[in-house]
Amino acid sequence: MSEEMLVCHCSPTLAGLKTGSLFSCPYSSQKMIIKEIREFNQKLTQKGIRIIPVRISDKRMLVYVYRPEKLKEDFSDEKTQIILKCKGYDCTNLSQCICRLIQKLQSDPDFPHEIGLFLGYPAEDVKGFIENKAACSKCSGCWKVYGDEQAARILFKKYKKCTEIYCRRWKSGVAVEQLTIT
């Protein structure tokens, strides 16, 4: 897993604008990619970032990059808690929620769409996506919008601009730990 992948896929999370990011990463050696993730965690944990593999398949790994404090704040929302409880999560324990998500990703043939809550998507949009089976959204960008379309479009633009700036800065030689906001 390269710094470039981290910057290209996770800039809004690194910048503190977004709770979490998720991306698929190819690998040739599982031992090597785990080592790389460990090294990134050593650099970024002090900045409030955690990186964990959430699903491993043949030569691809789904990687979750998140801010535990922001996730804890998101999960204190009543609407979020209702969705998570209905999906079998214990909202009183953040670590158990993440373990439950990993378990679902690894064993459930259906993708757990509540994952949007782990990424910082609005509860109203996650609920709408689940209930409407991904149909009838008002618009889509980083996620499908069922609630406040105007607020979502503003965030989509902000995330895109952040990613452009971070990619440009990284290409000019700024290290990922320097780009990561505490």
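The legends below describe close-up views of one predicted model. In this predicted model, local features need pLDDT of at least 70 and side-chain atom pairs count only at pLDDT 80 or more, whereas totals for chains, interfaces and linings use all residues. Residues are numbered from 1 along each chain as its sequence is written, and side-chain values use heavy atoms, with hydrogens and water left out.

**View 1. An open sheet of 3 strands has antiparallel pairing and the order 1-3-2.** The edge strands, strand 1 (20-26) and strand 2 (50-57), each pair on one side only. From one strand to the next, the twist averages 25°. Strands (E, at least two residues) and helices (H or I, at least four residues) are DSSP runs, numbered from the N terminus. Two strands pair if DSSP finds at least two bridges between them. Strands of a sheet pair through backbone hydrogen bonds, either parallel or antiparallel.

**View 2. Strand 3 (residues 60-66) pairs with strand 2 in the antiparallel sense over 7 bridges.** Strand 1 and strand 3 also run antiparallel, and 7 bridges join them. Y64 in strand 3 stands opposite L22, and Y64 also stands opposite I52. M61 in strand 3 has I56 opposite. Strand 2 and strand 3 form a hairpin with 2 residues between them, and K59 in the turn has a positive phi of about 70°. Because 6 of the 7 residues of strand 3 are buried, this strand is largely enclosed by the rest of the structure. Buried means under 20% relative accessible area, exposed means over 50%, and partly exposed lies in between (1.4 Å probe, protein chains only).

**View 3. Helix 1 (residues 3-14) packs on the sheet.** Helix 1 touches strand 1, strand 2 and strand 3, and its direction makes about 170° with that of strand 1. Helix 5 (residues 94-107) lies across strand 2 and strand 3 and runs at about 20° to strand 2. Axes are lines fitted to C-alpha atoms, for helices over the stretch in contact, and angles run from 0 to 180 degrees between N-to-C directions. Contact means heavy atoms within 4.5 Å.

**View 4. Helix 4 (residues 78-86) has T80, I83 and L84 buried.** These residues cover an arc of only 95° around the axis, which puts them on the same side of helix 4. The arc is that of the directions from the helix axis to the C-beta atoms. On the other side of helix 4, E78, K79, K85 and C86 are exposed. The buried residues of helix 4 pack against helix 3 (68-74), helix 6 (115-118) and helix 7 (123-131). T80 has a relative accessible area of 6%. Leaving aside neighbours within four places in sequence, T80 is in contact with D74, F75, L117 and A123.

**View 5. The two ends of helix 4 are shown with D77 at the start and G88 just after the helix.** A side-chain oxygen of D77 reaches to within 3.2 Å of the backbone nitrogen of K79. G88 takes a positive phi of about 90° and is placed in the loop between helix 4 and helix 5. G88 is partly exposed, with a relative accessible area of 42%. The C-alpha atoms of G88 and T45 are separated by 28 Å, and the two residues are 43 residues apart along the chain.

**View 6. Y64, Y66, F75, Y89 and F118 form one aromatic cluster.** The structure holds 7 aromatic pairs. The rings of F75 and F118 have their centres 5.1 Å apart and their planes at 85°, so the pair is edge-to-face. F75 lies in the loop between helix 3 and helix 4 and F118 lies in helix 6, so the pair ties together parts that are 43 residues apart in sequence. Both F75 and F118 are buried. Rings of Phe, Tyr and Trp (its six-membered ring) pair if their centres lie within 6.5 Å; planes under 30 degrees apart count as stacked, over 60 as edge-to-face and the rest as tilted.

**View 7. Helix 7 has A123, D125, V126 and G128 buried.** The buried residues of helix 7 pack against helix 4, helix 6 and strand 5 (144-145). K133 follows helix 7 and has a positive phi, near 50°.

Methods: A polar contact is a pair of N or O atoms within 3.5 Å; within protein, one must be able to donate a hydrogen and the other to accept it, and residues adjacent in sequence count only if both atoms are side-chain atoms.
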